Amino acid sequence: MLRLSLVCRILALSLLFAMPLSAAAPAQKAADPAAQKTVALKIPAKLAYLGGYSAANRGGKAKGIEVVSIDAKGKWTPLQTVEAGNPSYLAMDTKKRFLYTCQGDGKAVAAYAIDPATGKLTKLNEKEASGANGVFVLLSPDDRFVISVNYAGGSLDVFSVNADGSLGDTVCTASTQGEGGALKSQKSSNPHQAVFSKDGRFLLVPDKGRDLVHVFAFNKATGELKPNDPPALYSRPAVGSRHMDFHPTLPFAYVMEESDNSVTLCKWDAQKGVLTPLQWVPVIPDTYFPKEKGGNNHGSSGIWVGPGGKYLYVTNRGDNSIGIFAINQKTGFLKPVAWEKTRGVLPRFFCFDPSGKVLFVANQNGHSIMAFTVNHGTGKVAFAGPVLFTGSPTCILFK
């Protein structure tokens, strides 16, 4: 009996090893993102507007601007797709009646009316910027002007806004041109963002190509921009100044440096419009090492001071993480708290919902919007889940 049992086991093993590999171990198919379950998180917003990359050279899978409805339980449902080429960044007026976009790799700046009942978009008109690759667009604090930041052109354009929300004439074009930085990629000026000071008297523009932050005096009546004196904050060489944010109550600003994965804390003189550097901090964990050289798959991307001003948040591509830093309420100095994975590739953009209780990350190459709940006591975030799978998202606005 024992001998028969042993023979049976040997025969079974021989048959197993004789089977084709595909039969012995079926290949596992990659999970389809669209088949994954999404979560619902209640937030005080009924609509979300998403920008994204649509062009093949960007690996883009967006079809244009996505309008998404958010129900009472917090479930996201696509409502409208507005065809547009690389609507890389979006801005909305303070009354949330109009939406404006710039065009990645192109020159188009467009205006849309927002239907007050449905939230759907209707295009009003389009203007051409003075330079290519629009990476950022914003409105003046009084909604009278729209400013386009042209990455490849090394310029800013200020457009007037008509009463119906459409774009009027170009009232000013400001150059950011000058000698490039130390890196091979820094051949010339590459402005990446623009931020108004709290009083609206100055416009600050981080320049990735020149390792500096331009400071322009802004004429509220005419929309004219003039270089301030001094005209810029000069950063460390080869850092790639990308984005920045002001502290809501303290006289500090934080400048995100993409190439160096760092942040520079600056004191802000609101009267003179002058930034003075105080502290430089790496924003990626010391255990991260890139697996490949260069490219846009590495480098810090987004930066916001969190609600209440106690913590600073950044997103890091390559490491695909959210970095959290405590802000000293007297000195403004930063101290690392934690890093949380974004659960998606290439987190280009993130923002807080209107309540400040939920942080949303747009994973450009992960084709997803991920949600994280925010602990305002510790500053830490906890992964809640995906709210939407969508092509190449690069910007989120709420209404």
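Reader: Which residues form one aromatic cluster with Trp 76?

Author: This is a predicted model in which local features need pLDDT of at least 70 and side-chain atom pairs count only at pLDDT 80 or more, while totals for chains, interfaces and linings use all residues. Residues are numbered from 1 along each chain as its sequence is written, and side-chain values use heavy atoms, with hydrogens and water left out. Rings of Phe, Tyr and Trp (its six-membered ring) pair if their centres lie within 6.5 Å; planes under 30 degrees apart count as stacked, over 60 as edge-to-face and the rest as tilted. The residues that form one cluster with Trp 76 are Phe 360 and Phe 398.

Reader: How many residues apart in sequence are the parts that the pair of Trp 76 and Phe 398 ties together?

Author: The two rings are edge-to-face, with 90 degrees between the planes and 6.0 Å from centre to centre. Strands are DSSP runs (E, at least two residues), numbered from the N terminus. Trp 76 belongs to strand β3 (residues 76-83) and Phe 398 to strand β28 (residues 393-398), so the parts tied together are apart in sequence by 322 residues.

Reader: Are Trp 76 and Phe 398 buried or exposed?

Author: Buried means under 20% relative accessible area, exposed over 50%, and partly exposed in between (1.4 Å probe, protein chains only). By this scale, Trp 76 and Phe 398 are both buried.

Reader: How many residues are in the largest nonpolar core?

Author: A nonpolar core is a set of buried Ala, Val, Leu, Ile, Met, Phe, Trp, Tyr and Cys residues joined through side-chain atoms within 4.5 Å. Trp 76, Phe 360 and Phe 398 are among the residues that touch the most other members of the largest core, whose residues number 66.

Reader: Which residue forms a salt bridge with Arg 242?

Author: A salt bridge is a side-chain nitrogen of Lys or Arg within 4 Å of a carboxyl oxygen of Asp or Glu. Arg 242 counts as buried at 2% relative accessibility. Its partner lies in the loop between β17 (252-257) and β18 (262-269). With the closest N and O atoms 2.8 Å apart, that partner is Glu 258.

Reader: Which residues are linked with Arg 242 and Glu 258 in a network of salt bridges?

Author: Glu 258 is buried, with a relative accessible area of 4%. The network joins Arg 242 and Glu 258 to Lys 208 and Arg 317.

Reader: What is the relative accessibility of Asp 93?

Author: Asp 93 and Arg 97 meet through their side chains in a salt bridge (3.4 Å, N to O). Arg 97 is partly exposed, with a relative accessible area of 40%. Asp 93, in contrast, counts as buried, at a relative accessibility of 3%.

Reader: What is phi of Asp 143 near?

Author: Most residues other than glycine have a negative phi. Asp 143, found in the loop between β8 and β9, is buried, with a relative accessible area of 16%. Its phi is positive, near 65 degrees.

Key: Helix = DSSP H or I, 4+ residues; strand = E, 2+ residues; numbered from the N terminus.
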